[in-house]
Amino acid sequence: MDTPRILIADDDKKTRDFVAAFLSYKGYQVFQAFDGQDALQKIELNDVQMVITDIMMPRVNGLEFIKQLKSIRPDIVTIAYSAFANFEMTANLLKAGAFFYLEKPFNLDELETHVKRGLEHQALQSKSFRSKPCIKNRALLNNIIGESEKMLSLFEMIEKVSSSDSTVLIQGESGTGKELVARAIHDLSTRAQKNFVAVNCAAIPDDLLESELFGHVKGSFTGAVATRIGRFEMADKGTLFLDEIGDMKANLQVKLLRVLQNKELEPVGASRPKKVDVRIIAATNQNLDQLVVSKAFREDLYYRLSVIPIMLPALRERDADIALLLNSFLDKFNRSKQRNVQGFDRDVMEVLSSYDWPGNVRELENLVERMVILKGSGIISLNDLPEKYRGKRGPVMRTEQVNLPESGFCLNSAVEEFENRLILQALQRSGGNKKEAAELLNLKRTTLIEKLKKKKLVFGETHTAG
Ligand SMILES: Nc1ncnc2c1ncn2[C@@H]1O[C@H](COP(=O)(O)OP(=O)(O)OP(=O)(O)O)[C@@H](O)[C@H]1O
């Protein structure tokens with residue numbers, strides 16, 4: 001690996017020389033600048049990966065300098081220091097994108113620890129930047145973390161799709177980033193200056209969804225005390241994101257299809273249609289093909305929506321991204337929660353890399369947030385992990401008692417029976433709460449519900465294996 005290149009910006013020559021001498025002694029290649037403006041000029045010239053800067057400097061001060069630097073080179077890591085610190089200043093610095101803040105006088109060993117971590121972070125970031133050479137506008141995709149093959153093809157897809165106006169259907173398990181991708185498509189498109197409006201079709205009661213989408217005129221139904229425009233019109237010339245589209249009821253599916261075909265809508269109670277120019281991106285974590293087969297979703301609407309289908313991979317299908325996600329979220333929460341957790345033990349990385357992540361990136365993000373808050377500083381070790389993450393398979397069932405009868409037996413019915421018993425036990429322990437029972441079995445809630453339906457298992461009554 002090349003020797004890391006670090007720039008030190010400080011108007012006080014004595015401090016600058018002192019820090020520079022220490023870091024040169026530790027093997028880094030060091031450059032110096034006497035204020036923010038000088039630093040901005042020397043950064044490109046010397047191709048540095050990190051900047052260590054004083055805050056109090058003439059002309060361009062440290063905070064202003066970091067803001068300017070981040071707008072042109074977000075990949076360069078900055079460590080700031082100053083003779084006095086208060087909460088407001090620290091918050092402003094971290095908000096501006098500083099990686100770490102130190103109060104003077106600081107211990108040189110402490111500085112070196114942060115330099116090492118910052119360079120590790122920078123290497124991960126620039127690796128992810130470098131591996132997306134075909135992406136025109138990496139800054140807009142920067143918040144979608146990933147460098148696995150699957151994610152690289154996704155980035156390419158997002159870019160291609162954003163230059164067209166076609167309807168997109170994003171499918172993938174819960175927490176895989178469907179909304180994030182929809183926003184990225186909007187942000188890269190020519191509609192970016194107009195609204196991105198998101199509607200969760202499952203979260204709005206069926207009887208209100210129509211007026212929410214298409215608007216209504218005053219007096220058209222009880223409670224319609226004023227005329228109101230709907231989400232479609234709010235998204236005019238922009239993008240409408242219809243999340244959980246699989247939950248939309250049949251009568252509304254017909255109306256949506258009509259809007260897609262005619263590019264005009266009729267607000268509830270209105271006598272005339274209105275023209276709209278909206279790009280639709282729909283998403284679902286259900287299997288829409290199956291919903292079409294079971295006639296719960298209209299086939300014609302399905303084809304209208306899935307002009308460009310995008311399938312998001314589950315996190316367990318892209319282990320290569322787990323370390324990058326863990327480190328990126330660690331940095332994010334260290335900054336936003338003002339903590340100083342320095343990393344993960346190797347054991348933790350190994351355990352988490354082989355975990356199944358039923359809740360995908362959302363689950364990983366929440367886990368890191370929780371651990372950063374609780375740990376506060378130091379390195380996250382296995383003991384800091386909640387119980388369920390400590391082993392890939394969790395507690396193992398004892399099988400010593402199981403003996404194969406002399407005459408043999410039917411493996412399928414035995415497995416089925418075993419599964420049914422565990423499902424019913426989980427439901428019993430959770431008092432019938434399916435979400436909790438699914439967590440106990442490490443299943444998605446919807447998977448448990450599907451199993452219950454398929455097996456015709458009813459909690460609290462006699463059951464039959466189907
Ligand atoms: N590749 C990623 N990089 C960074 N953050 C991600 C990534 N994927 C998902 N996230 C984060 O995970 C969380 C869930 O993402 P999002 O809401 O887009 O998922 P979703 O697939 O739409 O979920 P649901 O189906 O439950 O609505 C968000 O906080 C999002 O920022």
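Start by selecting Ile170: skipping neighbours within four places in sequence, its contacts (C-beta atoms, placed from the backbone, within 7 Å) are Lys178, Val181, Ala182, Ile281, Ala283, Ile310 and Leu312. A caveat before you click on: this is a predicted model, where local features need pLDDT of at least 70, side-chain atom pairs count only at pLDDT 80 or more, and totals for chains, interfaces and linings use all residues. Residues are numbered from 1 along each chain as its sequence is written.

Together with Ile170, they have the most contacts inside the largest nonpolar core, which has 40 residues. Such a core is a set of buried Ala, Val, Leu, Ile, Met, Phe, Trp, Tyr and Cys residues joined through C-beta atoms within 7 Å; buried means 20 or more other C-beta atoms within 10 Å of the residue's own. For a second, separate core of 31 residues, pick Ile8, Ile43, Met50 and Ile79, which are among its members.

Next, go to Asp54, in strand S3 (residues 50–54); strands are DSSP E runs of at least two residues, helices H or I runs of at least four. An unreviewed UniProt entry places "modified residue: 4-aspartylphosphate" here, at Asp54, and such annotations may be inferred rather than shown by experiment. Is Asp54 buried or exposed? Asp54 is buried, because 23 other C-beta atoms lie within 10 Å. Its contacts beyond four places in sequence include Asp10, Asp11, Asp12 and Tyr81.

Last stop: the ligand. Of the 16 residues around it, Ser174, Gly177, Lys178, Glu179 and Val361 come nearest, counting C-beta atoms within 6 Å. Helix H8 (178–188) and helix H16 (360–375) each give two or more residues to this shell.

Methods. A residue is buried if 20 or more other C-beta atoms lie within 10 Å of its own, exposed if 12 or fewer, and partly exposed in between; C-beta atoms are placed from the backbone. Two residues are in contact if their C-beta atoms, placed from the backbone, lie within 7 Å.
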